[in-house]
Amino acid sequence: RMAAAPPSYCFVAFPPCSKDGLVVFGKNSARPRDEVQEVVYFAAAEHDPGSKVECTYIEIEQVPRTHAVVLSRPSWLWGAEMGANEHGVCVANEAVVTREPASESEALLGMDLVRLGLERGATAKEALDVIVALLEEHGQGGNYYEDGSSCHTFQSAFLIVDRNEAWILETSGKYWAAEKITEGVKCICNQLSLTTKIDAEHPELRDYVKSQGWWNGDSDFNFSEVFSLADDHLACCSGRESLEKQGGDVSAQAMIDVLRDKDSGVCVDSESFLTTASIVSVLPQDPSFPCIHYFTGTPDPSRSIFKPFIFVDDVKLVPKVQSPSFGNDDPAKKIPRFQEKPDRRHELYKAHEWARSLLENDQDKGQKLMRIMLDLEKQGLEAMEDILSRTEILDPAEVVDLFYDCVDTELKFFK
């Protein structure tokens with residue numbers, strides 16, 4: 001049983017560490033090696049009073065209006081590992097292990113809370129408020145993996161970012177603490193990182209840990225010391241140094257380079273886990289510029305390309321990075337769950353498998369293909385830099401097919 005939490009990494013860089021008044025966000029999603037991640041867009045929507053929304057395991061009350069979101073998610077579940085909304089809010093989650101065992105009974109997954117925060121929060125702080133209110137009401141729990149033979153459960157940590165600030169939110173059951181960040185570089189990974197700087201917390205947090213005998217109230221309250229398992233409280237992040245070395249120059253490209261780095265451990269490729277998808281977002285602090293979100297939609301960022309997405313009305317959907325839908329016949333929806341595993345590979349994932357075997361078996365051809373792909377990525381990055389350096393307002397028609405076209409071009413290269 002994979003008791004260890006998958007070693008995902010999330011980053012945010014603020015000016016003065018990042019370039020030109022940009023906030024730069026990134027995440028590598030480490031998950032079971034064979035799991036497929038899809039990239040999906042949901043338009044903003046109005047909902048009837050009293051309507052419900054079916055999350056991965058439970059149904060909850062819907063809100064009157066949900067924001068448009070773009071998500072990278074394991075394709076068997078409702079929520080997301082990471083994503084963004086039309087208001088320039090980005091959320092990523094981490095599975096963490098605390099001294100409190102995570103619940104096996106089905107409730108909200110950390111990944112459901114990522115999507116709910118994005119659909120319901122127009123700022124980072126609003127998304128945080130949404131997540132903690134839902135935790136209080138419904139709790140977190142249920143299997144993190146599509147695995148019928150055993151239940152893998154975790155607590156959750158979140159990195160929640162907008163154009164102005166970021167919040168690190170760490171939870172154990174319904175209890176939580178959060179720290180606000182407005183400058184420098186921050187990394188969170190699959191262990192607790194909050195110490196004594198706590199800017200918001202569950203109103204009963206301190207009473208609860210006293211009642212458990214985990215803190216006597218005399219020393220400074222240190223969240224990760226109180227909640228971590230004894231041996232688990234390590235310095236997390238190897239990728240942070242690489243970003244700090246950039247000086248004031250953290251850009252989309254710098255974040256992509258950090259996510260591709262296997263030597264540092266940020267790009268996970270181990271026996272149990274693989275980086276199954278990645279995201280980088282660039283959020284200009286000046287709200288007259290659009291936010292740009294780059295998704296791979298394929299495993300291993302060192303062999304994938306980051307493709308840009310910008311929110312505009314009527315953005316073109318991209319079925320080639322969406323997994324097939326099995327409706328109510330999906331083994332993830334039937335009880336007992338996960339009795340079989342359907343083939344969830346989307347078209348880009350399949351093309352990517354072919355490319356991966358080429359990279360492994362024919363080095364010359366593989367390297368040539370990789371060069372072409374990186375060149376394609378570079379063109380996308382440069383075109384986006386151009387959009388962010390213009391004085392005139394972006395014409396939505398110019399980017400309505402942006403992500404669609406990038407995926408399409410990538411597929412053509414593979415063919």
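User: How many residues in the lining of the largest pocket are nonpolar, how many polar and how many charged?

Analyst: The lining holds 11 nonpolar, six polar and eight charged residues. Nonpolar covers Ala, Val, Leu, Ile, Met, Phe, Trp, Tyr, Cys and Pro, charged covers Asp, Glu, Lys and Arg, and polar the others, Gly among them. This is a predicted model, in which local features need pLDDT of at least 70 and side-chain atom pairs pLDDT 80 or more, while totals for chains, interfaces and linings use all residues. Residues are numbered from 1 along each chain as its sequence is written, and side-chain values use heavy atoms, without hydrogens and water.

User: Which residues lie nearest the centre of that pocket?

Analyst: Of the 25 lining residues, Arg73, Ser75, Trp76, Leu77 and Lys333 lie nearest the centre of the largest pocket. A pocket is an open set of points on a 1 Å grid over the protein atoms alone, where a 1.4 Å probe fits, with protein on both sides within 12 Å along at least five of seven lines; lining residues have an atom within 4 Å of a point.

User: And which strand gives the most to the lining?

Analyst: Strand S3, residues 37-42, gives the most, with three residues. Strands (E, at least two residues) and helices (H or I, at least four) are DSSP runs numbered from the N terminus.

User: Changing topic: where is Pro16 found?

Analyst: Pro16 is in the loop joining strand S1 (9-13) and strand S2 (22-32). Another cis peptide bond runs from Ile335 to Pro336, where omega is near -10 degrees. Pro336 sits in the loop between strand S18 (307-309) and helix H7 (347-361).

User: What is phi at Phe338?

Analyst: Phi of Phe338 is near 60 degrees, a positive value in a residue other than glycine. Phe338 also belongs to the loop between S18 and H7. Asp300 likewise has a positive phi near 60 degrees, and its loop runs between strand S17 (292-295) and S18.

User: Are those two buried or exposed?

Analyst: Asp300 is buried, at 4% relative accessible area, and Phe338 is buried at 8%. Buried means under 20% and exposed over 50%, with partly exposed in between (1.4 Å probe, protein chains only).
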